[in-house]
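Visitor: I have a structure open and would like to learn how to read it. Could you walk me through a few features?

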Amino acid sequence: SIPEVIKKNPSAHFLIFGYPDVEKYKNMAEKLGVDEYVTFSGRIDYEKAGEHIALGDIAITLKLDVEDNGKLYNYMACGLPVIALDNYVNREVVGGFGFYVSESTPEAVSSAILKVVLTPKEILQKMGEDGRRRIEENFTWDKCAERMEGVYNKLWKKT
């Protein structure tokens, strides 16, 4: 997706977190001719992840496994609007505070990124702020524990 985005918006820059195989992805970026538009962080301390995430304007998560997308909460908690795959879990978490792609193809993802780039900064900032509030109101450990306690209490009363 990155070459297509760069072709249409040469001021874009991608910050890619994570490991392993950083060298593999650096080589891939070089072969695609986009290495000057990409920064690879490599492994970062989890405690400092928020500082790194907050450097971005948007976050992209394309996890295919709907049960394993914990980074989505972190991105939103940092006040970033997100681009995520369109599935029921992501819709439940993100709501209207992000952008969705129907499939994880270079064409669909680059199209979504370019749509975000054309979105006024004020709208993106509001989406990020509202998304952060959504996480704080619904998805903190305390809020999740409250919901679990409610479920357990209902089940306990039935027995």
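This is a predicted model: local features need pLDDT of at least 70, side-chain atom pairs count only at pLDDT 80 or more; totals for chains, interfaces and linings use all residues.

Visitor: Which residues of the largest nonpolar core touch the most other members?

Guide: The general idea comes first: in soluble globular proteins, nonpolar side chains tend to be buried together. Here the largest nonpolar core has 22 residues, and Ile6, Phe14, Val34 and Ile83 touch the most other members. The elements giving two or more residues to this core are α1 (2–8), α2 (22–32), β2 (38–42), β4 (82–85), β5 (98–101), α6 (106–117) and α7 (121–138). The largest share, five residues, comes from α6.

Visitor: What does isoleucine 83 contact, leaving aside its neighbours within four places in sequence?

Guide: Its partners are Ile58, Ala59, Ile60, Thr61, Phe99, Val101, Ala112, Ile113 and Val116. There is also a second, separate core of 13 residues, which includes Ile53, Ala59, Val82 and Ile135.

Visitor: How many aromatic pairs does a search of the whole structure find?

Guide: A pair of aromatic rings is described by the distance of the centres and the angle of the planes. In this structure, the search finds one such pair. Another ring to look at is that of tyrosine 100: arginine 91 lies over its face, at 3.8 Å from the ring centre.

Visitor: And in what order do the elements of the protein chain run?

Guide: From the N terminus on, they run α-β-α-β-α-β-α-β-α-β-α-α-α, with eight helices and five strands in the chain. Of the 159 residues, 32% are buried.

Conventions: Residues are numbered from 1 along each chain as its sequence is written. Side-chain values use heavy atoms; hydrogens and water are left out. A nonpolar core is a set of buried Ala, Val, Leu, Ile, Met, Phe, Trp, Tyr and Cys residues joined through side-chain atoms within 4.5 Å. Buried means under 20% relative accessible area, exposed over 50%, partly exposed in between (1.4 Å probe, protein chains only). Helices (H or I, at least four residues) and strands (E, at least two) are DSSP runs, numbered from the N terminus. Contact means heavy atoms within 4.5 Å. Rings of Phe, Tyr and Trp (its six-membered ring) pair if their centres lie within 6.5 Å; planes under 30 degrees apart count as stacked, over 60 as edge-to-face and the rest as tilted. A charge sits over a ring if NZ of Lys or CZ of Arg is within 6 Å of the ring centre and within 35 degrees of the ring normal.
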